[in-house]
Amino acid sequence: MNSRVSLIAVLLLGIPAGAWADGSAASVELQVEADHPGARIDRNIFGQFAEHLGAGIYGGVWVGKASPIANVRGIRSDVVAALRALKVPNVRWPGGCFADEYHWRDGIGAPERRKTTVNANWGGAIEPNSFGTEEFMDFIEQIGSEAYVSVNVGSGTPHEAAEWLEYMTAGPATSAGQARAANGHAEPYRIRFLGIGNESWGCGGAMTPEYYVSQLKIFSRYVRNYNSAQTGEAAMRRIAVGPDGDHVEYTEAVMKAWQGKVWSWDIEGLSLHAYTTGGWPPRHPSMHFDEGEYAFMLQDTLAMDALIAKHSAIMDRYDPQKKIPLVVDEWGVWLAPLAGTNPGFLVQQNSLRDAVLAALNLNIFARHADRVRMANIAQMVNVLQAMIMTDGERMLLTPTYHVFRMYVPFQDATSLPVQVDAGTYAYGNARLPRLDAIAARDTRGSVWLALTNVDPNQSVRVSARIAGVHPRAAVGEVLTASGVDAVNSFDAPNTVAPRRYAGAVRDGAIMLDVPGKSVIVVHVQ
Ligand code: AHR
């Protein structure tokens with residue numbers, strides 16, 4: 001590229017000059033510092049959240065044994081197959097706000113004898129309790145995941161929570177274990193993660209940080225896991241309620257209490273809830289939006305980075321060794337309810353924009369992998385930024401699903417620092433780095449690159465070099481569509497779907513054309 005073209009590229013396109021072999025356009029240099037590996041990207045940051053809310057469980061996961069929809073013991077098989085492909089590391093259940101009004105005994109035993117209640121948090125729906133402990137654990141086993149159970153702190157008691165843990169994890173010699181066996185499961189369940197309350201600063205009881213801390217100490221002491229197989233690395237991790245967005249009071253109070261704790265209680269995680277809403281209440285559309293809306297919401301989502309940095313800095317003061325992970329167990333874009341739906345069911349469409357937004361957040365989590373070791377997108381099926389939508393027997397995979405599937409190789413991979421500057425994408429008042437990228441080395445030693453070009457109007461040519469690696473090829477997938485607001489519908493379920501993608505290799509560099517508004521993941525060979 002001659003210097004005049006290069007200057008024009010910089011001035012007009014905002015792209016730093018680089019060398020592209022055919023000289024046809026500017027390219028951006030990207031460096032992967034493979035010789036300075038960072039933290040492991042814990043697979044648990046790809047966790048899901050499934051609340052009793054709208055069709056999140058009933059219809060979305062549970063159809064009942066007598067349903068004409070293909071199912072195994074009442075759990076729909078198409079959803080299970082789709083989730084297995086995501087290698088979902090953990091699922092948070094039963095809520096959300098629902099968890100602090102959930103009484104686990106309502107959901108065990110013979111289905112015809114289970115209590116029918118009202119889901120007061122979410123649209124006043126009738127809760128048949130057909131999906132309870134046994135069904136959730138069956139679902140976890142069918143998709144090959146781990147259970148993240150939230151106990152009721154708001155309206156429950158330490159006794160009720162302790163008895164639930166006993167029921168799930170005690171051995172066959174105990175009455176609790178025998179009750180579980182009578183309900184079909186003689187072996188103790190494996191409960192990998194336990195949430196002690198949910199949003200105790202809000203729907204979970206509007207507790208002051210000090211009040212919550214005193215509850216936390218009691219619950220954390222008595223929610224014992226009796227499963228003798230869960231020792232050492234496999235031990236259950238207790239996750240305390242932490243901050244709401246950028247409010248620091250819970251972060252300070254819980255971490256301070258933890259630093260000065262006595263032997264009888266402990267936690268192994270601090271939760272953060274942070275949605276991308278563009279203001280409250282959520283009123284931004286999930287369909288038929290323009291570029292201004294696209295740029296605004298993507299800029300809003302980048303606040304996640306500063307948010308994590310803010311809470312991490314506080315945690316560092318009390319926990320410099322980073323023993324306690326920050327668990328972003330509710331995140332995602334929360335948009336206006338779709339017209340004609342029950343507003344309490346939180347139904348929204350899922351666009352290419354939301355896929356880009358998911359990639360940007362996963363990249364942020366990966367860059368904070370030393371502290372963020374778990375996250376749960378809200379929510380798994382039919383609710384908020386869902387992976388999957390169902391309509392009776394029909395099912396579709398959303399653009400966000402495809403990003404989670406493309407990112408599977410990053411699970412438990414070691415992050416590798418990336419240097420790149422492709423200039424700024426600007427629209428209206430929004431200003432965003434045009435290109436975002438992460439890299440990682442998987443457990444078998446292969447390097448993976450994920451690139452997101454947020455600019456909808458301009459592709460970016462990237463020349464990537466990886467320290468110490470002599471690439472032969474870079475192959476993978478690209479996710480893009482004709483419009484930023486493109487969605488998958490039941491009539492056109494593959495409007496936004498990944499396609500095969502290959503970069504070229506020249507002089508030891510990987511040459512990648514990253515289309516506008518796209519997410520690319522490539523395996524470097
Ligand atoms: O995900 C929907 C709701 O958002 C959850 O129930 C609650 O925890 C949060 O406010």
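I started with helix 9, which passes helix 10 in a right-handed crossing. For the record, I'm working with a predicted model here. I looked up the residues that touch: Met-304, Asp-305 and Ile-308 come from helix 9, while Asn-361, Ile-364 and Phe-365 come from helix 10. Sorted by class, that contact holds four nonpolar residues, one polar and one charged.

Next I wanted the geometry of that pair. Helix 9 covers residues 303-318 and helix 10 covers residues 352-367; they pack at an angle of about 25 degrees, and their axes are 9 Å apart. Angles under 35 degrees count as roughly parallel. Helix 9 and helix 10 are therefore roughly parallel to each other.

**Helix 6 and helix 7**

I moved on to another pair. Helix 6 is made of residues 209-222, and helix 7 of residues 249-259. Their axes come within 9 Å and cross at roughly 40 degrees. So I put helix 6 and helix 7 down as oblique to each other. This crossing is right-handed.

Who meets whom? On the helix 6 side I noted Pro-209, Tyr-212, Val-213, Leu-216 and Lys-217; on the helix 7 side, Glu-249, Tyr-250, Ala-253, Val-254 and Ala-257. The tally by class is eight nonpolar, no polar and two charged residues.

**Helix 4 and helix 5**

One more pair. Helix 4 runs over residues 158-169 and helix 5 over residues 175-182; I found their axes coming within 7 Å and crossing at roughly 60 degrees. The crossing of helix 4 and helix 5 is right-handed. Helix 4 brings Glu-166, Tyr-167, Met-168 and Thr-169 to the contact, and helix 5 brings Ala-176, Ala-179 and Arg-180. By class I have four nonpolar, one polar and two charged residues in the contact of helix 4 with helix 5.

Within domain 1, I picked out Ile-438, Val-484 and Phe-490: they supply 21% of the area that domain 1 buries against domain 2, more than any other three residues.

Last, I went through the backbone. A cis peptide bond joins Trp-93 and Pro-94, with omega at about 5 degrees. I found Pro-94 in the loop between strand 5 (91-93) and strand 6 (117-119).

There is also a cis bond from Trp-280 to Pro-281, and its omega is near 0 degrees. Pro-281 belongs to the loop between strand 11 (269-276) and helix 8 (291-301).

Which residue has a positive phi although it is not a glycine? I noted Ala-206, with phi at about 45 degrees. Ala-206 lies in the loop between strand 9 (191-196) and helix 6, the helix I had already paired with helix 7.

Conventions: Residues are numbered from 1 along each chain as its sequence is written. This is a predicted model: local features need pLDDT of at least 70, side-chain atom pairs count only at pLDDT 80 or more; totals for chains, interfaces and linings use all residues. Side-chain values use heavy atoms; hydrogens and water are left out. Axes are lines fitted to C-alpha atoms, for helices over the stretch in contact, and angles run from 0 to 180 degrees between N-to-C directions. Helices (H or I, at least four residues) and strands (E, at least two) are DSSP runs, numbered from the N terminus. Angles under 35 degrees count as roughly parallel, over 145 as roughly antiparallel, 65 to 115 as roughly perpendicular and the rest as oblique. A crossing is left-handed if the near helix is turned anticlockwise from the far one by less than a right angle, and right-handed if clockwise. Contact means heavy atoms within 4.5 Å. Ala, Val, Leu, Ile, Met, Phe, Trp, Tyr, Cys and Pro count as nonpolar, Asp, Glu, Lys and Arg as charged, and the others, Gly among them, as polar. Buried area is the accessible area (1.4 Å probe) that two parts lose on being put together, summed over both.
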